[in-house]
Amino acid sequence: MKQAQLKQVVVAVLAAFAIATPAAAQIEVDITGGISSPMPIAIPTMPTPTAQTTAAGPTDALGRQVAEIVTNDLRNSGLFKPLGPNQLKPVGFDQVTAPDFPFWTQTGAQALIQGFVRANGDGTLTVGCYLYDVFAKTELTRQGFIVQPQYWRRAAHKCADSVYTRLTGEGPYFDTRVVYVSETGPKNRRIKRLAIMDQDGANHRFLTNGQNIVLTPRFSPNEQAIVYMSYAGNQPRIYTYDVGSGRQHMVVQGASTTFAPRFSPDGRWILFSMTVNGNTDIYRVSSTGGTPTRLTTSPGIDTGGSYSPDGSRIVFESDRSGGQQLYVMNADGSNQQRISFGGGRYATPVWSPKGDLIAFTKLGGGFQIGVMSPSGSNEKLLTNAWQDEGPTWSPNGRVLMFFRTGQGSGKADLWSVDLTGVNERRVPTPLDGSDPAWGPLLP
Amino acid sequence: MLKTTTKLIMAASLIAIAGCAKKAPEQLPPPPPTETAPPQATPAPVDTGNVGSTVVPGSREDFLQKVQSDRVHFALDSSDLDGESRAILDSQAQWLNQYGNVRITIEGHCDERGTREYNLALGERRANAAKNYLAAAGISASRINVISYGKERPEATGSDEASWAQNRRAVTVIIG
């Protein structure tokens, strides 16, 4: 499957409207306050200039579905209190650029998203997306997205992203995908399959058939490849999976077990762990294969390597001091420094795409997801269940996805939590799920 | 002669009946010898594995019968072999020395209280601890394959101390 690039255009199809300068914005969302005061925002059904049938359905139905997706995205962020299309009367096409501000003021909404869905002569769809400040009665941003009909959901996510970014100042993350391990079957014989889906659970697709145990998939930076571990042939090794062709390729040949793979931010390298005579160390290999370079040499278990976003450093876990703790080293393996010193053990470190934090699994009585700065300071635990494991960052560095395993049952499912630790949500999957990896923002 | 025999059989029958009334005989009398084999009325006995002669020497079944156990267990987050484990591995080494062509895979497993990737490494450590012990006992390392399943294949499915103890294991599997 080739990833289609969305065409983003300035919406010029409607009468030009005075564009507010960003400096004049009077509303903004406080992202540090958590859910204490999520912003009320109205998202009515997006009208269509003329109802037409498309490969994705009739344009008037799409207008409602797009508004629902935007509503769902913004609600899940925890920063907004949306009034969605199910609670609002439809607006006319002529109102899209001329909102009925007195009415919207009455609803209590501080912000308003209006838009439209139009079928174009060449078979594409245009989704227009306008954000208004209800009290100031001004337009804050407008975006238009031209998409092939099958990618209509992406246009909705792009609309939500533009609103989220404009109101929070944070980077976008809704137009993204997740690769994870779909699980089913009894606890002692779990059947595991690689699966890929949109971050909201839509467009779900299995990539492997469950014949072999598969673990820990992670995207390449351009999302065209996934690196993961498979027990194919009873030889646990890391493989790359080409998303376009479905072709799989063993990354490192040889007699040793390889696991815990992760791409470098530029996609040129794969960081992984290899066990030789029972001793596990971290290695790096070109993403096209070749001879690995050894980066750690301790007699302990060194694993779970993750690059800093600039590729200059690596965070990893090691039990060289007795129990699992987090360490940071230079990309060439030099200057290894322990950064975690709290009680308990620390595992599965992942460097934030923003560079400011490292997410981890903390092992005490159970497993909790937490974050700390790369120096090890400012530790904060975000979840509190029996077993929460394996965090992965949204591309804007504000949300973590992880998997939660049930005590006794061994059943796992996917959850997300934002950095406030308050907005915790179940991520819908058709079966059980584990080992999520959040992909980068789609182009 | 014939008469006497008949009388003896009848007498025996009476005694048997009388005996039944008191207590079952400890042992049934052997069937009378016959010159022609009777038709096979009952199917051949199923091999229940308790008759030594039906197990092929050097086979997986033979291994399971002869060694103390096919697996050793570990303490939490440990790959140390205790006395009991060493005795079990000694019995495995003895058998493996007897059948020098047999190859084995040692599977390393962990309980669910470790993170996934760490447990893959810990399972390797456990399997290698068993492998190194067998190698020191004279088994060529080239006969021993190791594989770690981390926490992917628990034996006991509970989330309790007993289950966890059962799951922290290195299992020796005969592969021929």
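Chain B of this predicted model averages a pLDDT of 81, and 70% of its residues score at least 70; pLDDT is the predictor's confidence in each residue, from 0 to 100. Over residues 1-47 of chain B the pLDDT is below 50, and this stretch has 3 contacts in the model beyond near neighbours in sequence. Two residues count as in contact if their C-beta atoms, placed from the backbone, lie within 7 Å. The model scores ipTM 0.92 and pTM 0.87. Residues are numbered from 1 along each chain as its sequence is written, and chains are lettered from A and ligands numbered from 1 in the order in which they are written. Because this is a predicted model, local features need pLDDT of at least 70 and side-chain atom pairs count only at pLDDT 80 or more, while totals for chains, interfaces and linings use all residues.

The secondary structure of chain B comes to 5 helices and 4 strands, where helices (H or I, at least four residues) and strands (E, at least two) are DSSP runs, numbered from the N terminus. Along the sequence, these elements of chain B follow the pattern α-α-β-α-β-α-β-α-β. Of the contacts in chain B with a separation of 6 or more, 66% join residues 24 or more positions apart. Buried residues make up 32% of the 176 residues in chain B; a residue is buried if 20 or more other C-beta atoms lie within 10 Å of its own, exposed if 12 or fewer, and partly exposed in between, with C-beta atoms placed from the backbone.

Within chain B, helix α4 (residues 116-136) has 21 residues and reaches 30 Å from its first C-alpha to its last, close to the 30 Å expected at 1.5 Å a residue. The expected span of a helix is 1.5 Å times one less than its number of residues. Since 18 of its 21 residues are buried, α4(B) is largely enclosed by the rest of the structure. Gly138(B), which follows α4(B), has a positive phi near 100°.

The contact between the chains takes 29 residues from chain A and 20 residues from chain B. On the side of chain A that touches chain B, β12 (214-219), β16 (257-263), β17 (269-276), β20 (302-307), β24 (345-351) and β28 (387-393) each supply at least two residues. The largest share, 3 residues, comes from β16(A). By class, this side of chain A divides into 7 nonpolar, 18 polar and 4 charged residues (Ala, Val, Leu, Ile, Met, Phe, Trp, Tyr, Cys and Pro count as nonpolar, Asp, Glu, Lys and Arg as charged, and the others, Gly among them, as polar).

Chain A itself is divided into domain 1 (7-168) and domain 2 (179-438), with bounds that come from an automatic or database domain assignment. The C-alpha centres of the two domains of chain A lie 35 Å apart, and 7 residues of domain 1 are in contact with 9 residues of domain 2. Helix α1 (residues 59-76) of chain A gives the most to the domain 1 side of this contact, with 3 residues. That side has 1 nonpolar, 4 polar and 2 charged residues.

Helix α3 (residues 152-168) of chain A has 17 residues, which at 1.5 Å a residue should span 24 Å; its end C-alpha atoms are 24 Å apart, which agrees. Because 13 of the 17 residues of α3(A) are buried, this helix is largely enclosed by the rest of the structure. Gly169(A) follows α3(A) and has a positive phi near 80°.

Chain A also contains an open sheet of 4 strands in the order β11-β10-β9-β32, with antiparallel pairing. At its edges stand β11 (205-206) and β32 (432-438) of chain A, each with a single partner strand, so one side of each is left without a neighbour in the sheet. Strand β10 (residues 191-198) of chain A pairs with β11(A) in the antiparallel sense over 2 bridges; two strands pair if DSSP finds at least two bridges between them. Ile196(A) stands opposite Arg205(A) in β11(A).

Strand β30 (residues 412-418) of chain A is mostly covered, with 6 of its 7 residues buried. Strand β29 (residues 399-405) of chain A pairs with β30(A) in the antiparallel sense over 7 bridges, and Asp413(A) in β30(A) is the bridge partner of Arg404(A). The hairpin of β29(A) and β30(A) has 6 residues between the strands, and in it Gly408(A) takes a positive phi near 85°.
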